[in-house]
Amino acid sequence: MIACALVMGLATSAAAAPAGDPIAGKSVFAKCAPCHSVIADQNRIGPTLSGIVGGKAGTVTNYAYSPALKASGIIWTMPELDAYLANPRARVPGTRMFFAGLSKAEDRANLIAFLAKPQ
Ligand code: HEC
């Protein structure tokens, strides 16, 4: 019993850490693709996500952001992306990204791994 709880605890914390599988992340990206591209300069309803990991929020050229996101001052580190993708409007109240969020930590980790290295 104790060993089992320990293993489950470890599994949970591993899933919460953003060290995901980019191949699995590519299929999660299907949820973002109607609004986002990972090709540089290709904005859709949302800004391109090319180079997003480590980038500054609200700085893609030729994209009209919400004042909220532009003023957020966020640097898109993996933990920041994780928080935004879990619940965009909780992390940045007033964001125009109308997306409910990804509830599964594993999906977010895989997706962020894909965004770090889209292929
Ligand atoms: C319904 C369209 C839509 C969907 C689906 C969507 N987004 Fe967005 N996203 C937007 C819009 C619009 C913005 C700009 C928000 C703003 O200006 O407040 C945005 C902004 C972002 C930003 C901030 C970009 C920057 O330059 O600072 C990130 C990161 C992001 N989205 C990631 C994702 C990911 C990853 C997914 C899939 C899980 C996703 N989005 C799904 C529309 C969408």
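**Loops, helices and the ligand**

Modeller: Asn62 is exposed, with 8 other C-beta atoms within 10 Å. The cut-offs: a residue is buried if 20 or more other C-beta atoms lie within 10 Å of its own, exposed if 12 or fewer, and partly exposed in between, with C-beta atoms placed from the backbone.

Biologist: Before we go on, what kind of model is this?

Modeller: This is a predicted model, where local features need pLDDT of at least 70 and side-chain atom pairs count only at pLDDT 80 or more, while totals for chains, interfaces and linings use all residues. Residues are numbered from 1 along each chain as its sequence is written.

Biologist: OK, back to Asn62. Where does Asn62 lie?

Modeller: In the loop between H2 and H3. Those labels are DSSP runs numbered from the N terminus: helices are H or I with at least four residues, strands are E with at least two. Phi of Asn62 is near 60°, a positive value in a residue other than glycine.

Biologist: Now Arg44. Where does Arg44 lie?

Modeller: In the loop between H2 and H3. Arg44 counts as partly exposed, with 14 C-beta neighbours inside 10 Å.

Biologist: Which residues is Arg44 in contact with, leaving aside neighbours within four places in sequence?

Modeller: Cys35, His36 and Ser37. Contact means that the C-beta atoms of two residues, placed from the backbone, lie within 7 Å. Arg44 and Tyr63 are 19 residues apart in sequence, and their C-alpha atoms are 9.1 Å apart in space.

Biologist: Let's zoom out. How many helices and strands are there in the protein?

Modeller: Six helices and zero strands. From the N terminus on, the elements run α-α-α-α-α-α. Buried residues make up 20% of the 119 residues. Of the contacts with a separation of 6 or more, 50% come from residues 24 or more positions apart.

Biologist: Which residues of H4 are buried?

Modeller: Leu81, Asp82, Tyr84 and Leu85. They pack against helix H5 (88-91) and helix H6 (105-116).

Biologist: At what angle do the axes of H4 and H6 cross?

Modeller: The axes of H4 and H6 cross at roughly 125° and come within 10 Å. That makes H4 oblique to H6. Axes here are lines fitted to C-alpha atoms, for helices over the stretch in contact, and angles run from 0 to 180 degrees between N-to-C directions. Under 35 degrees counts as roughly parallel, over 145 as roughly antiparallel, 65 to 115 as roughly perpendicular and the rest as oblique.

Biologist: Is the crossing of H4 and H6 right-handed or left-handed?

Modeller: Right-handed. A crossing is right-handed if the near helix is turned clockwise from the far one by less than a right angle, and left-handed if anticlockwise.

Biologist: Which residues in H4 and H6 meet?

Modeller: On the H4 side Met78, Leu81, Asp82, Leu85 and Ala86, and on the H6 side Arg108, Leu111 and Ile112. By class, that contact has six nonpolar, no polar and two charged residues. Ala, Val, Leu, Ile, Met, Phe, Trp, Tyr, Cys and Pro count as nonpolar, Asp, Glu, Lys and Arg as charged, and the others, Gly among them, as polar.

Biologist: Last topic, the ligand. Which residues around the ligand come nearest?

Modeller: Of the 27 residues around the ligand, those are Cys32, Cys35, Gly46, Ser66 and Met97. A residue is near a molecule or strand if its C-beta atom, placed from the backbone, lies within 6 Å of it. The shell divides into 20 nonpolar, five polar and two charged residues.

Biologist: Which helices each supply at least two residues of that shell?

Modeller: Helix H3 (67-70) and helix H4 (78-86).
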